[in-house]
Amino acid sequence: MRAFRYESLPGRVVFGVGASRTALAEEVTARRVLVLATKRGLPLARELTAPLGNRVVGEFTDVREHVPVEIAEQARTHAKELDADCLLSIGGGSTVGTAKAVALELRLPIVAVPTTYAGSEMTPVWGMTENSSKRTGRSTDVLPELVVYDPALTTDLPPDITATSAMNAMAHSVEGVYAAGANPVSSLMAVDSVRALATGLPTAVADGSDLTARTELLYGAYLAGAVFAVAGSGPHHKICHVLGGAYGLPHAATHSVMLPHVAELMEGPALIPVADALGATTAAQGLRELATHVGAPTSLVGIGFDKRKLGEAAALVAERVSVSEVDIRSLLAAAL
Ligand code: NAD
């Protein structure tokens, strides 16, 4: 076996159907909790935090995708005014992203209860958007100290969000096997994550209330986030970042479209266990078949990309990845 470095990250995970109904009361010891949720997610957040009683001192619901800096500032001001000592995020990647933006400056602990498969709750990566450009960084200050995964909270996710969000998680695990920080431990997690996501996804899309499938998916998403946190990412994430930032394409859907194409480009020994976990001859084939089977987006034009921008996009992407502009152009053309 080759030599490797593996730095595991701190954090406590409680996983299980119904965990959100028990773990918050048992594990949250903070006295002044600020709850973050979307307006749509607020009734659920109130239900789950009811056992904390008057230890919940406030709510922040102005959550937006990609955390605009002005929203982050509002959330920080709110946390300061309330003298909060804990940020409790109940929601998807946008909600925990808002909590991270607050924690980055105020150094408050985060408790996260994820309701999608984005996986941000497992990572020390934060992101904020200003003038349509996204800044990201790493800080263990934003890594949640407790994550409560409850598959029962994901049964309301509609089929389209289920599919795109799970393909977003899949992208973390697929890239995790060849990313710069990949190591034997993170690769074990990555391959089991691919297996779990591929097993759960078709059933969860057909019947969102199937808790066995939802459990597989959330477990796969948890592992995917943990892999992304330690192994990092590769060209796929850079391509999605450029396309999302420059053309306003939706985050998870862009991952879904691009992943089979990048897997084809990166095909090699590291991706063989991924192909096996997908039950396919190659990772690219397995990912393409899975995305098609569950109706996840497979076309850039289909998610709002203007095909006349192909040349410009290829040049922009080529500045960021060590792949030639010609190869990027044909990759994007295939994804159109
Ligand atoms: P999101 O939080 O915006 O949620 C997507 C949609 O799902 C929203 O419309 C939301 O209202 C809805 N939703 C959430 N939970 C639901 C539920 N249980 N039932 C029904 N609908 C529900 O987006 P996301 O895809 O979870 O996360 C994407 C964001 O996370 C992006 O900003 C991305 O950059 C970030 N992200 C960050 C990291 C990181 O490590 N920092 C990792 C992955 C993603």
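This briefing covers the ligand site and the overall build of the protein. The model is predicted: local features need pLDDT of at least 70, side-chain atom pairs count only at pLDDT 80 or more, and totals for chains, interfaces and linings use all residues. Residues are numbered from 1 along each chain as its sequence is written, and side-chain values use heavy atoms, without hydrogens or water.

**Ligand shell**
- The ligand is surrounded by 21 residues (a heavy atom within 4 Å).
- The closest are Ser 94, Thr 115, Thr 116, Thr 123 and Lys 134.
- By class, the shell has seven nonpolar, 10 polar and four charged residues (Ala, Val, Leu, Ile, Met, Phe, Trp, Tyr, Cys and Pro are nonpolar; Asp, Glu, Lys and Arg are charged; the others, Gly among them, are polar).
- Domain 1 (12–154) and domain 2 (159–335) both give residues to the shell, so the ligand lies between them (bounds from an automatic or database domain assignment).
- Helix α4 gives the largest share of the shell, three residues.

**Polar atoms at the ligand**
- A polar side-chain atom of Thr 116 lies 2.6 Å from a ligand oxygen atom.
- For Thr 115, a polar side-chain atom is 2.7 Å from a ligand nitrogen atom.
- Val 125 places a polar backbone atom 2.9 Å from a ligand nitrogen atom.
- The protein covers 82% of the 860 Å² of accessible area that the ligand has on its own (Shrake-Rupley method, 1.4 Å probe).

**Overall build**
- The protein has 13 helices and eight strands (DSSP runs: H or I, at least four residues; E, at least two).
- Its C-alpha atoms fill a box of roughly 60 × 45 × 40 Å along the principal axes.
- Buried residues make up 54% of the 336 (under 20% relative accessible area, 1.4 Å probe, protein chains only).

Terms used
Polar contact = N/O pair within 3.5 Å; in protein donor to acceptor, adjacent residues only side chain to side chain. Buried < 20%, exposed > 50% of the residue type's maximum accessible area, 1.4 Å probe, protein only.
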